[in-house]
Amino acid sequence: MNQSFSVCDEDVYNNLYLKHAESLRNHLYFKFGNLKQAEDIVQESFIKLWAKCNSVIYEKAVGFLYTIAKNMFIDSLRQQKVALKFEKNHIETSDIEDPYFHLRTKEFKQKIEATISALPEKQREAFLLNRIEKLTFKEIANRLEISQTAVENRISKALLKLKEITELQKRKI
């Protein structure tokens with residue numbers, strides 16, 4: 001009883017979205033460093049999947065999504081030719097915080113985001129998988145298909161770079 005699902009079935013399609021949209025977004029975000037663009041491309045990828053649902057085999061749908069999303073992201077980077085930036089998240093502040101505190105917090109966050117986005121892709125990806133996704137070195141090694149030692153080296157180099165930037169910022173103050 002080897003039943004294959006149709007990607008054109010709305011329930012199957014919705015299930016694919018619910019199951020894979022967030023991990024696809026995180027993959028793109030960690031790889032390329034731009035959350036807003038990652039979210040947009042995930043949406044566009046699922047639109048393309050729906051448009052081609054008749055020609056995509058259910059078992060290949062996830063691979064199709066990742067391939068389409070990666071290619072779309074690379075194309076957009078080629079077109080834009082701008083430095084990678086992180087999505088600016090709104091920091092909830094209470095009314096009792098003074099504006100100077102809010103400004104310093106915002107500036108510090110921007111410096112951290114700029115520093116992380118300036119890391120080489122492989123270091124940034126490993127660092128964010130560890131710090132944001134909370135994956136262990138072993139889990140990262142399995143996901144990136146590299147050795148655990150390579151993961152340790154990448155994260156170590158990323159931390160050294162972040163520390164170096166932080167120390168430079170302290171000297172400027």
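My entries follow, grouped by topic.

**Entry 1: the model**

I am working with a predicted model, so I keep that in mind in each entry below.

**Entry 2: disulfides**

How many disulfides does a search of the whole structure find? I searched and got one. Cys8 is joined to Cys53, with an S to S distance of 1.9 Å. I looked up where the two ends sit: Cys8 belongs to the segment before α1 (10-32), and Cys53 to the loop between α2 (35-51) and α3 (61-80). They are 45 residues apart, and the pair links distant parts of the chain. I also noted the handedness, which is right-handed with 100° about the S-S bond.

Cys8 has a relative accessibility of 23%, so I put it down as partly exposed. Cys53 comes to 10%, and as buried means under 20%, Cys53 is buried.

**Entry 3: aromatic rings**

I listed the ring pairs and counted five aromatic pairs. For Tyr13 and Phe46, the ring centres are 6.1 Å apart and the planes lie at 80°, so I wrote this pair down as edge-to-face. Tyr13 is in helix α1 and Phe46 in helix α2, so the pair ties together parts that are 33 residues apart in sequence. Both residues are buried, with Tyr13 at 13% relative accessibility.

Tyr13 also pairs with Trp50, again edge-to-face, at 4.8 Å centre to centre and 65° between the planes. Here too the pair links distant parts of the chain, with Tyr13 in helix α1 and Trp50 in helix α2, 37 residues apart. Trp50 has a relative accessibility of 38% and is partly exposed. Which residues do ring pairs link into a cluster? I found Tyr13, Tyr17, Phe46 and Trp50.

**Entry 4: salt bridges**

Side chains of opposite charge can pair when their charged atoms come close. I counted two salt bridges.

One is between Asp40 and Lys36, whose closest N and O atoms are 3.6 Å apart. These residues are four apart in helix α2, so about one helical turn separates them. Asp40 is partly exposed at 34%, and Lys36 is partly exposed at 42%.

Lys161 forms a salt bridge with Glu164, and their closest N and O atoms are 3.9 Å apart. Both lie in helix α7, three residues apart, about one turn of the helix. I have Lys161 at 35% relative accessible area, partly exposed, and Glu164 at 41%, also partly exposed. A reminder to myself: an α-helix has 3.6 residues a turn, so residues three or four places apart point the same way.

I compared the length of helix α4 (residues 99-118) with expectation. At 1.5 Å a residue, its 20 residues should span 28 Å, and the end C-alpha atoms are 28 Å apart, so the two agree. Then I looked for buried residues in α4 and found Glu113, Thr115, Ile116 and Ser117.

Leu119 lies in the loop between α4 and α5 (121-131). Is Leu119 buried or exposed? Its relative accessible area is 3%, so Leu119 is buried. Leaving out residues up to four places away in sequence, Leu119 touches Arg124, Ala158 and Lys161.

**Entry 5: single residues**

Lys122 is in helix α5 and is exposed, at 52% relative accessible area. From Lys122 to Phe30 I have 9.4 Å, C-alpha to C-alpha, for two residues that are 92 residues apart in sequence.

Asn26 is in helix α1, buried at 10%. The side chains of Asn26 and Arg25 are joined by a polar contact of 2.7 Å.

Last, I looked at backbone angles. Most residues other than glycine have a negative phi. Glu145 is not a glycine, yet has a positive phi of about 60°. Glu145 is in the loop between α6 (137-144) and α7 (148-172), and is exposed at 74% relative accessibility.

Methods. Residues are numbered from 1 along each chain as its sequence is written. This is a predicted model: local features need pLDDT of at least 70, side-chain atom pairs count only at pLDDT 80 or more; totals for chains, interfaces and linings use all residues. Side-chain values use heavy atoms; hydrogens and water are left out. A disulfide is a pair of cysteine sulfur atoms within 2.5 Å. Buried means under 20% relative accessible area, exposed over 50%, partly exposed in between (1.4 Å probe, protein chains only). The expected span of a helix is 1.5 Å times one less than its number of residues. A polar contact is a pair of N or O atoms within 3.5 Å; within protein, one must be able to donate a hydrogen and the other to accept it, and residues adjacent in sequence count only if both atoms are side-chain atoms. Contact means heavy atoms within 4.5 Å. Rings of Phe, Tyr and Trp (its six-membered ring) pair if their centres lie within 6.5 Å; planes under 30 degrees apart count as stacked, over 60 as edge-to-face and the rest as tilted. A salt bridge is a side-chain nitrogen of Lys or Arg within 4 Å of a carboxyl oxygen of Asp or Glu.
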